[in-house]
Amino acid sequence: MKTEIDRQQILLESLQEIKNLRAKLQQLETRQKEPIAIIGMGCRFPGKANNPENYWQLLKNGTDAITEIPLSRWNSELYYNSNSAIEPGKIASRYGGFLQEEIDRFDAEFFGISPREAKNMDPQQRLLLEIAWEALENACQAPDRLVNSSTGVFIGITVNNYLELLSKTNSLDNYDAYFATGNGLSFTAGRISYFLGLQGPSLAVDTACSSSLTSVHLACQSLRLGECSMALAGGIDLLLSPDILISLSQTGAIAPDGRCKPFDAAANGFSRGEGGGLVVLKRLKDAVASGDRILALIRGSAIDQDGASSGITVPNGIAQQKLIRQALANAGVTPDLVSYVETHGTGTVLGDPIEVQALGAVMGERNPDAPVSIGSVKSNIGHLQAAAGIASLIKVVLALQHKEIPPTLHLRKLNPHIDWARYPFVVPTTATPWQDRNRSRIAGVSSFGLNGSNAHLILEEAVTDTDKIETPKLERPHHLLTLSAKSQNALTELAQKLERYLASYPEIDLGDVCFSANLGRAHFDHRLAIVADTSLSLRQQLINSPKSQVSPQQKPKIAFLFTGQGSQYAGMGYQLYQTQPTFKNTLDRCAEILESYLDKPLLELLFSNNTNFLDETIYTQPALFALEYSLAQLWQSWGIVPDAVMGHSVGEYVAACLAGVFSLEDGLKLIAKRSQLIQNLPRDGMMVAVFAPEAKIRPWLEKSDRQVDLAAVNTPQAAVISGLSTTVKQVVTQLESQGIGTKVLPVSHAFHSSLLEPILEEFETIAREIDYKPAQIPLYSNLNGQIIPHHFIADASYWRKHLRDRVCFYDSIRAMAENGIEIFLEIGAKPTLTKMGKSCLDNNSNSLWLSSLHPETENWSMLLESLKQLYLRGVEIDWSGFDRDYARQRLALPNYPFQGERYWLDRDLPSPQQFDRASSNIQTQSPTEINLNRNVLAELPGTEKQSFLEFYLCQIIAKIIGANDQKIPADRPLNRLGLDSIMAIELKIISKLVWR
């Protein structure tokens, strides 16, 4: 019997193991075919197609971007000869697809690269750095938040013409470390990873003309294998030298008229082009989870090699067929679902027929009413070699987005060497609507290398769920836009670009614009922030040159100040409750907890027009606690976390709760019981604000026989007295007779006075029921104005004393300032503490005072103005948390305006000998003429030593990094100037030579 049971158990365990193995196998198979989402793109292509939007206009309009070879590259007349196949050293054409931007210009400072290093860098590296930044911005992925992420970089690149030029113009003794790092092809990918701090795979790929599409394939594979969580993939190719064109002309590959004529009877070669592009990729499930803007899907891909053919550069049709079938299989797509193919389409006599024949063999017979459209972007911009595939890929993504197939140019008569009647293909020569045929649009993209390496991708449009039931969109009435840059000029230009963007899209959702700008961009020192309620208002403020400022390098410390009783008013926080779920949910939770302590609902007390109940202490204190706690949670959800907390009187209960001294449940219980006890006391007391120093007030209090107490010291010139009404009035009369101003406070009882002593014992008994813990955030005590020591627990006895003793607000503010607090954010319904706090510090204090709410200002307007000031001060804001409660869409906003300067072949590299100067013949004290050494410095007056030393160091550093010494601020970190470890060694050597 036992044996039978054992066998059954073994069988059950075996079946379970088989199920587990099958599940793992299915998971692996699913992962291998998981769609990859394209979430962003960046490009620089001929015809001023320096972003995806401009590229689409070029494609849609059928623009021919081929121009004469610019003189800035080489003098084409010196190399041109139409009979180039016969005459060596000549080029068959004067034309090509060239970038119209100045490729000798680069924003080296933006990327932390010294001028010296920038001059040594291949412009392909420099251009790709900018394209990578723009692609990430296009994807709404803040580049500065990718540090240490497993983001991969896959770059197709084949040649480096700049290296050739450097080699021809420099002798070997001019080469330094930056010659190698600036021109090695592998550094093209490594440079991007290094600058952005990416730790995923990083590689350069050379498969000739298929390099960039192969890079995309490898990126997809890496994503599916889990090697990276996001990837930048694409390629680059710049034409700086005629060498390759001379070689291609000798083979007859270059079209004399400089035009690629795919599928045309007159096809006689291709035109060379240049440019670069990158796509940002994520696994589809990750993109959906992150709420990314999905531009298109890569369903599958494949790469292969021609193998044996009639020549290494001759295409192999069989290999191409195999490749396309493999990509379709990987995508899980049958050929009949493909409605467009972006072909390699070079317009060569041999290549086009082989490619169409191979494609036709895969596509098979089709319904004549549903042919496959084919095209080639090379007819617009030429053959970009290593970047050809990415130009094709981005074209197809744009076509899928716009549901339109751009025209293929220069097609006059179909190539007679292609059996068009046999194959189901059409070549659109005008912009054509891309019919969906009641299914998702699917396209193929081919890229074939001159060396026989081939790549093919299957793309699908990103379909949105149109069947979702539209629900009313919750929205706030005001929005905050932030812009930043590394220089004031760049910031001004960025603001102008955004204003033009808003003018072009007047109906665009303002919340989406601000969300995309705030979340999807890096935040630099030069900052601008605008609060607006409409797109038109935002535009007007951008036009009117709003004030910008440079944020401090060091993160400022923030304190939360919680307002006390007297700040209440009907409807406080109502607009927030209606439009901000985090605030609403927290307030609802407080209301639920207070149900057992209050005989009236909290929300009714807060939002009713009847203020009679709200002004009763029994309701006032719990209501203020709930409001302030909800406000604090809202601020924290935006990433504004206090470095210290402090509350005025009942405000300290909220501060303690936020600091973790007790839970929300216990805090509400404590404040509710406290207010009930006070409410039951006789109303025979009063409180009066006295506008005089404490020292002037005390003598009059001593004469009152302890019937009047000092309830609070709020500023150096203001305090509050509290006690029996008749006695307080007598003291007030005496004070006013001395010319001291006073003001009666609208309160029900004499708080912080001897009149509260009858309830102290009972209150402490209740307070003993609470569970207390040490504060987790520095908590400044009302009792002495100092931080409550971490080992000290503010228990029942503390809160008893707190109920009776005076509030040391002035001492708290002074102590906070001495401990480095710069920003004071009031968490309350009125800016009561803000007004008092400013009087506690010197006029030259760098402190910033902000409020949360104001009875005469819309809730959102007040909050966002304060958030704006925090941003301008350099406070890090959680923009994801800021918009977490709203339905937002990522937008492709205008890119960062790089401020390029010329960095090219001419060299002016320093040597240590330049700094080995004699210093015995000093004729003047002018820093521009002094040759500094130890003896010289000793002779200078003490007040001048630092300035002369700073000047000389800046001069030396400027020489080392190859910059103008006037651009070297003494207070800027050296790494931001591009001074790296290699240069640091040079600085050390030079300093030793100078400092003798």
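1. Start with R902: this residue is partly exposed, with a relative accessible area of 45% (buried means under 20%, exposed over 50% and partly exposed in between, with a 1.4 Å probe and protein chains only). Its side chain meets that of D104 in a salt bridge, 3.0 Å from N to O (a salt bridge is a side-chain nitrogen of Lys or Arg within 4 Å of a carboxyl oxygen of Asp or Glu). R902 lies in strand β29 (residues 901-902) and D104 in the loop between β3 (95-96) and β4 (105-106), so the pair ties together parts that are 798 residues apart in sequence. D104 itself counts as buried, at 18% relative accessibility.

2. A word on what you're looking at. This is a predicted model, where local features need pLDDT of at least 70 and side-chain atom pairs count only at pLDDT 80 or more, while totals for chains, interfaces and linings use all residues. Residues are numbered from 1 along each chain as its sequence is written, and side-chain values use heavy atoms, with hydrogens and water left out.

3. Now the overall picture. The chain has 996 residues, and 56% of them count as buried. Its secondary structure comes to 36 helices and 29 strands (DSSP runs numbered from the N terminus: helices are H or I with at least four residues, strands are E with at least two). Among contacts with a separation of 6 or more, 79% are between residues 24 or more positions apart (contact means heavy atoms within 4.5 Å).

4. Back to the charges: the structure holds 41 salt bridges. Another one is E761 with R800, at 2.9 Å from N to O. That pair links distant parts of the chain, E761 in helix α28 and R800 in helix α29 (residues 796-804), 39 residues apart. Both ends are partly exposed, E761 at 46% and R800 at 26%. R884 also forms a salt bridge with D878, the closest N and O atoms being 3.8 Å apart. Salt bridges that share partners join R44, E101, E130 and E134 into one network.

5. Take a look at I36, in strand β1 (residues 36-44). It's buried, with a relative accessible area of 0%. Which residues does I36 contact, leaving aside its neighbours within four places in sequence? They include C220, L223, R224, L281 and L284. R224 is 188 residues away from I36 in sequence, yet the C-alpha atoms are 8.3 Å apart in space.

6. Helix α16 (residues 488-504) has 17 residues and reaches 25 Å from first C-alpha to last, close to the 24 Å expected at 1.5 Å a residue (the expected span is 1.5 Å times one less than the number of residues). Its buried residues include L491, L494, L498 and L502. What covers the buried residues of α16 includes β17 (479-485), α17 (510-519), β18 (526-532) and α18 (535-543).
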